[in-house]
Amino acid sequence: MAARKMTTKPNVSADELLQHYKDMLLIRRFEEKAGQLYGMGLIGGFCHLYIGQEAVVVGLEAAAEEGDKRITSYRDHGHMLACGMDPNGVMAELTGRIDGYSKGKGGSMHMFSKEKHFYGGHGIVAAQVPLGAGLAFADKYQDNGRVTFTYFGDGAANQGQVYETFNMAAIWDLPCIFVIENNQYAMGTSQDRSTSTPDLHTRGEAFGIPGEIVDGMDVMAVKEAGERAVKHCRSGKGPYILEIKTYRYRGHSMSDPAKYRTREEVQKMRDERDPIEQVRDVLLTGKHASEDDLKAIDKEIKKVVNASAEFAKESALPDVSELWTDIYAEAEA
Amino acid sequence: MAIEILMPALSPTMEEGTLAKWLIKKGDTVSSGDIIAEIETDKATMEFEAVDEGVIGSILVPEGSAGVSVNTAIALLLEDGESANDVAVPAPVSAPAPTVAAAPVQHNDVENEPQWRAPQPDWPEGTQMKQQTVREALRDAMSEEMRSDETVFLMGEEVGEYQGAYKISQGMLDEFGSKRIIDTPITEHGFAGIAVGASFGGLKPIVEFMTFNFAMQAIDHIINSAAKTLYMSGGQMGAPMVFRGPNGAAARVGAQHSQDYAAWYAHIPGLKVVIPYTAADAKGLMKSAIRDPNPVIFLENEILYGRTFDVPVLDDFTVPIGKARIAREGSDVTIVSFGIGMSYAMEAAAKLSESGVSAEVIDLRSLRPMDTQTVIESVKKTNRCVTVEEGFPVGAIGNHISAVLMQEAFDYLDAPVINCTGKDVPMPYAANLEKLALTTTDEVIEAVQKVTYS
C-alpha cells in the first residue's frame with residue numbers, strides 16, 4: 001500500500017473534509033498542549049492522550065445527530081472536543097480549576113457535559129459499557145429516537161461486563177453503538193498477548209449483534225461506518241458493533257515509557273497512516289486547499305489551544321467550600 | 001520570542017530527573033511530536049517530545065545532568081525569524097506550583113445544622129391503621145410511586161413473570177406491563193450498570209437484587225458509577241435510583257448467602273442507606289427513596305418480609321430519610337439498632353423491664369445520613385448505650401456510634417458503649433452454629449446488665 005493512501009474514495013465536499021481536518025487538528029494540538037502542561041506539573045495524576053486516534057471520534061461525530069449521546073473511558077479528551085465541548089472548560093478541568101467542566105473535582109478521567117450529551121469520562125475499564133447501554137435503554141424507554149455511542153478499547157473488550165451488556169442490549173434491542181477503539185495495546189499488553197482471537201468485531205456474533213471492522217486512520221471510512229451503525233440502531237434493529245482499528249502514538253498515560261513496542265513501529269504509523277496527514281494530502285492534491293490555507297488553519301487552532309492553556313492556568317482553584325458540595329442532590333421543591 | 005523547553009514531569013509524583021540524552025542539537029529544526037530527549041525518572045526512561053515547532057537555539061542543560069528539577073528550562077526554541085544571538089539565556093527557574101489552600105476540617109459542626117428536633121410521629125394521631133406485612137408494604141410503596149411517575153421502573157431477576165423471587169413484586173407485571181417490570185438475565189454487574197446509565201438518561205430505576213450478597217458482583221457500579229458521579233461531574237448529573245433487596249442472614253443458607261452489608265454501604269459518601277424494621281417504615285422509606293434524587297441503598301430482610309405491623313392508611317405516606325425513630329421510651333439505657341436487629345433490641349427491652357430496667361430503643365432506620373443527634377440526646381438522658389446489629393464486628397455501625405458518642409457525649413457516659421454484633425466468622429450452615437454466629441436477645445440483655453452494672 002502506498003504511503004498515506006486512504007482506503008476509501010471519499011465522495012464528500014471539500015468543506016466537509018476541511019472541517020474534519022480542523023476537528024482532528026484541534027484534538028492533536030490540544031493533546032500536545034496537555035502533555036506539555038503535564039510536564040510542567042500543571043496537570044496532575046493520570047493523563048491519557050488521544051494522539052493518533054483522532055479520526056475515530058471525528059468520523060463518528062460526523063455521523064451523529066443532535067441529541068445523540070456518547071460515553072467513553074478515561075481517554076476522553078478527544079471525545080469531548082469532537083462533540084463540541086469548550087476547550088477552555090476541558091483544559092481547566094485538566095488543571096483542576098473552578099472553570100473546568102467538573103469544577104476541578106473530576107480531572108482528566110472524569111468529565112461530563114449534560115448540554116453536549118457527553119456522559120463521561122469513566123475511570124474503571126469497561127464500566128462505561130453497561131452505562132452506555134443504560135443511556136440507550138432510557139432513550140428506548142422514552143421512545144425519543146436517539147442513539148448512544150458507547151466507546152471502549154481493546155483492553156476493555158476482555159471485561160466480563162461487556163458481554164453481560166451485549167446480551168441485554170440484544171435482548172432489549174437497545175439503540176447502542178458499541179465502538180471498540182482498537183489501538184492494539186491494553187496499556188502495555190499487545191492485543192495478540194491478551195486476546196484469544198484477533199477480531200473484536202465478531203465478539204457480538206454469539207448475541208446476534210452485527211459488527212464490522214473499520215480503518216480508524218481514515219476519517220471518511222469511520223464516518224461511513226458510523227452512518228451504517230446509526231441507521232441500524234435508529235431503525236429499531238438493536239445494537240451494532242464497530243471495531244475501529246486505530247493507534248495511539250503516545251504511551252498509555254503520561255508516565256508510560258512505552259517500551260513494549262519499538263520506536264520504528266510508532267514512526268511507521270505516523271509516517272504512513274497518520275489520520276490528519278492523510279486528509280491533508282487529499283486537500284492539497286485535490287487543490288481543495290493551499291499550503292497557506294492549511295498553515296492559517298494550524299495557526300488558528302494553535303491560538304485556540306494556547307488560549308485554553310492560558311485560561312486553564314489563570315482560572316482559580318476551586319474554593320475550599322467545594323470540597324463539601326455536589327455529594328448529594330437536593331430534592332426539587 | 002524564544003520558547004523555553006522545560007524539564008517535564010513524566011509521572012504523577014516526579015519532582016526531578018536525569019536528562020539522559022539529547023537527541024537534537026543546536027540548530028536542528030524540530031516540529032511537534034519529534035522526540036528530542038530521553039529523560040530518566042525513578043521508574044523508567046521516557047522519551048520527551050517537542051510540542052512547538054522551531055529551531056533549537058541553545059541547549060541549556062547538558063546531557064547526563066542528574067537531579068534536574070521539573071520545570072527548569074533545558075533548551076531554547078527559536079521561532080520564525082529569530083537567531084540564537086537574539087535571546088538571552090535565562091537563569092533556570094522552577095515555575096511556581098499553584099498554591100493550595102488548606103482544606104477545611106470535616107464539619108460535624110452543629111452550628112450549620114438545623115436545630116435538632118426530637119423524632120416526631122410519622123403520622124397524625126388518630127390515623128386509621130391496617131395490618132400489613134413488610135412484603136405488602138414494599139409492593140404498595142413501589143406501585144404507588146410507579147402510578148404517579150412514569151419514569152420509575154423495576155428491574156431485576158424474576159421480578160416479572162415469576163412475580164418476584166420473594167414475591168415482593170407480586171402482581172406488578174400485570175399492572176405495569178413488561179416495559180416497566182423488567183426481568184433481567186442473571187447478570188448483576190451488567191444490569192446494575194445499565195440501570196445506572198438509565199438514571200443518567202433521565203429515568204428512576206429500582207434495581208432489585210435477589211439478595212444483596214449478589215450485589216457484590218455489582219458493587220463497582222453502585223459505588224464508582226452511581227455514588228460518585230454527581231461529585232465527579234461538579235453537580236451536573238447523578239443517579240436518582242434505588243438498589244433494593246434482602247440483606248443479612250436468612251436461615252441455613254451458609255456463608256455466601258448470609259451477610260449484612262449495612263456498614264459497607266454506609267461507608268460511602270454519595271449513597272443514602274436505609275434499613276427499615278417495620279412495615280410502616282418499609283413503605284414510607286421506600287416511597288421517599290424512589291423520590292430521592294440520589295442513589296439509595298434499601299436494605300430489606302428475608303425474615304422480616306412476612307412479619308405484620310400496623311401501617312397508616314394515608315393517601316401518600318412517606319417517612320423522611322435520615323430520621324431515627326424512638327421505638328420505645330426508657331430512662332436507664334439506650335439500645336440502638338436497625339433492621340432485624342430491632343427484634344432483638346425490642347425483645348431485650350421487654351424482658352429488661354420485667355427486672356426493672358427501663359431501656360430506650362432507637363431504630364435508626366437510616367444509616368446514611370444517620371440521625372446521630374437522636375442517639376446523643378437519648379444517651380445524655382440514659383448515660384449508657386448498647387448497639388445491636390447482625391453484621392461483623394470490625395468496622396461495624398456500632399463502632400461508628402461508639403466513636404460519635406465518645407466525641408459528642410463523653411461526659412455523659414457512665415459506662416463504655418457495648419456493640420452487640422454478629423460473630424467474626426463466616427456464617428456456618430449447622431443450625432446450632434448458625435445460632436451462635438448471630439447476635440441474640442440474651443446477648444443484648446447481658447450487655448445492658450454490664451453497662452448498667454446490674
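This is a predicted model: local features need pLDDT of at least 70, side-chain atom pairs count only at pLDDT 80 or more; totals for chains, interfaces and linings use all residues.
Residues are numbered from 1 along each chain as its sequence is written, chains are lettered from A and ligands numbered from 1 in the order in which they are written, and side-chain values use heavy atoms, with hydrogens and water left out.

In chain B, strand 2 (residues 16-22) runs antiparallel to strand 7 (residues 65-69), and three bridges join them. Strand 2 of chain B also pairs with strand 4 (residues 35-40) of chain B, in the antiparallel sense and over four bridges. Here B:Leu19 has B:Ile39 as its bridge partner. Strands (E, at least two residues) and helices (H or I, at least four) are DSSP runs, numbered from the N terminus; two strands pair if DSSP finds at least two bridges between them.

Helix 8 (residues 341-354) and helix 12 (residues 441-451) of chain B pack at an angle of about 55°, with their axes 8 Å apart. Axes are lines fitted to C-alpha atoms, for helices over the stretch in contact, and angles run from 0 to 180 degrees between N-to-C directions. The two helices are therefore oblique to each other, a class left after angles under 35 degrees (roughly parallel), over 145 (roughly antiparallel) and 65 to 115 (roughly perpendicular). Contact (heavy atoms within 4.5 Å) involves B:Tyr344, B:Glu347, B:Ala348, B:Lys351 and B:Leu352 in helix 8 of chain B, which meet B:Thr441, B:Val444, B:Ile445 and B:Val448 in helix 12 of chain B.

In chain A, six strands form an open sheet with parallel pairing, in the order 2-1-3-4-8-7. Its edge strands, strand 2 (118-121) and strand 7 (211-215) of chain A, each pair on one side only. Neighbouring strands of the sheet are turned by 20° against each other on average, direction ignored. Strand 1 (residues 69-72) and strand 3 (residues 148-153) of chain A pair over three bridges, and A:Ile71 is the bridge partner of A:Thr150.

The contact between the chains takes 61 residues from chain A and 77 residues from chain B. About 5600 Å² is buried between them, 62% of it given by carbon and sulfur atoms; buried area is the accessible area (1.4 Å probe) that two parts lose on being put together, summed over both.
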